[in-house]
Amino acid sequence: MTASSTRRTTAAHSRLAAVGAIAVAGALLLTGCGDQTKTKSTGSTGSTGGAPLAGKLPADIRSKGEIKVGSDIAYAPVEFKDSSGNVAGLDPDLAAAMGKQLGVKLTFENGTFDGLLTGLRSGRYDIAMSAMTDNKNRQEGVDPDTGKKVGEGVDFVDYLTAGVSIYTRKGDTQGINGWSDLCGKKIAVERGTVSEDLAKQEAKKCPGGKKLSIEPFDDDQQSQTRLRSGGVDAASSDFPVAAYAVKTSGGGKDFQVVGQQVEAAPYGIAVSKSATQLRDALQAAMDAIIKNGEYEKILEKWGAQDGAVKQSVINGGK
């Protein structure tokens, strides 16, 4: 999920910028991110036979044949559980394609978004891949609220460009057309994301008597439920997630996106600072699927082609 209070806010023309193009790949998930059970991504491969980049992996991972992926699997269409309970979405499909290059399985494990980097630092996960924005705060382990260093930080293997949107109940925008219209309103956000950061920034600008009330939740589905019930006036999430909710919730009758996207920035796969060999292997695998055309096909499947990059870079976020 997009997150950084340090990036410049800019109207984003992309971030997977075609609402109508986003694929309806399963029922709108209602899975809670707090579930810490392991869920395997479909399409992964455990065989090193014919895997051209297997030799780039650290020996221990190559021996295990698996990379454990921390992910908030409640963020359709980027990652979610389909109607059969299988992990689906943009990130799992990209991970499966990378696994073919590396000769290992990339196994997705569900966790709350704001706990993924903690899980990475503790060794619970080998990597985190969860629509996570690459930004300087995360690279350096800095708390965006206090500006203080709270951890070692991580490296990112960048693979997509994305932005953030606000959405409301359909036909009930309450005059909201952007962040500056939220004073005196209530907004639901997912905890630890740029949506929460932006809401906090906007709340500081609101005049007395027009307070912006922020309700943070563990996952985006809880935010959507709160908005759907009328408990808040708006919700915010990454554009493809907001667009997917608009397209699928209530058969397209529940929500509408308002205003333009903001905070366009790269999504990255988070890797421990000490795991440079794994980081470089992942970058090589991402570049390989970009080059062989699998990347483009996966992005088109999920309506994400406007966020495509020409090559993967390390720590490209600002």
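**Entry 1. Glutamate 263 and strand 10**

I looked up glutamate 263 in this predicted model and found its place in strand 10. I take strands as DSSP runs of E with at least two residues, and helices as DSSP runs of H or I with at least four, both numbered from the N terminus. The model is predicted, so I note that local features need pLDDT of at least 70 and side-chain atom pairs pLDDT 80 or more, whereas totals for chains, interfaces and linings use all residues. Residues are numbered from 1 along each chain as its sequence is written, and side-chain values use heavy atoms, with hydrogens and water left out.

Phi of glutamate 263 is near 60°, a positive value in a residue other than glycine. The classes are buried for under 20% relative accessible area, exposed for over 50%, and partly exposed in between, with a 1.4 Å probe and protein chains only.

I then examined strand 10 as a whole, residues 255-272, and found 13 of its 18 residues buried. Strand 6 (residues 154-169) runs antiparallel to strand 10 and is joined to it by 13 bridges. Tyrosine 167 has valine 257 in strand 10 as its bridge partner. Strand 5 (residues 127-128) is also antiparallel to strand 10, with two bridges between them. Here isoleucine 127 stands opposite valine 271.

I traced the open sheet of eight strands and read its order as 4-1-5-10-6-9-7-8, with mixed pairing. Two strands count as paired if DSSP finds at least two bridges between them. Strand 4 and strand 8 are at the edges with a single partner strand each, so one side of each has no neighbour in the sheet. Helix 2 packs on the sheet and touches strand 1, strand 4, strand 6 and strand 10; the direction of helix 2 makes about 150° with that of strand 4. For such angles, axes are lines fitted to C-alpha atoms, for helices over the stretch in contact, and the angle between N-to-C directions runs from 0 to 180 degrees.

Strand 1 (residues 66-71) runs parallel to strand 5, and two bridges join them. Valine 69 stands opposite isoleucine 127 in strand 5.

**Entry 2. Valine 104**

I located valine 104 in the loop between helix 2 (90-102) and strand 4 (105-110). With a relative accessible area of 0%, valine 104 is buried. I also checked leucine 57, which is 47 residues from valine 104 along the chain; their C-alpha atoms are separated by 9.4 Å.

**Entry 3. The disulfide**

I searched the whole structure for disulfides and found one. The criterion is a pair of cysteine sulfur atoms within 2.5 Å. Cysteine 183 and cysteine 206 form the link, at 2.1 Å from S to S. Cysteine 183 lies in the loop between strand 6 and strand 7 (186-190), and cysteine 206 in the loop between helix 5 (194-205) and strand 8 (213-217), so the pair ties together parts 23 residues apart in sequence. The link of cysteine 183 and cysteine 206 is left-handed, with -90° about the S-S bond. Both cysteine 183 and cysteine 206 are buried.

**Entry 4. Further backbone geometry**

I noted glutamine 174, whose phi is positive at about 55° although the residue is not a glycine. Glutamine 174 lies in the loop between strand 6 and strand 7. Its relative accessible area is 37%, so glutamine 174 is partly exposed.

I found a cis peptide bond between alanine 76 and proline 77, with omega about 10°. Proline 77 lies in the loop between strand 1 and strand 2 (80-81).

**Entry 5. Helix 8**

I compared the span of helix 8 (residues 276-292) with expectation: at 1.5 Å a residue its 17 residues should span 24 Å, and the end C-alpha atoms are 24 Å apart, which agrees. The expected span is 1.5 Å times one less than the number of residues. Among the buried residues of helix 8 are Leu278, Arg279, Gln283 and Met286. Just after helix 8, glycine 293 takes a positive phi of about 95°.

**Entry 6. Totals**

I recorded nine helices and 10 strands in the protein. Of the 318 residues, 57% are buried. The accessible surface is about 12,200 Å², and 47% of this belongs to carbon and sulfur atoms. These areas come from the Shrake-Rupley method with a 1.4 Å probe; for residues, only the protein chains shown count as cover.

Methods:
Contact means heavy atoms within 4.5 Å.
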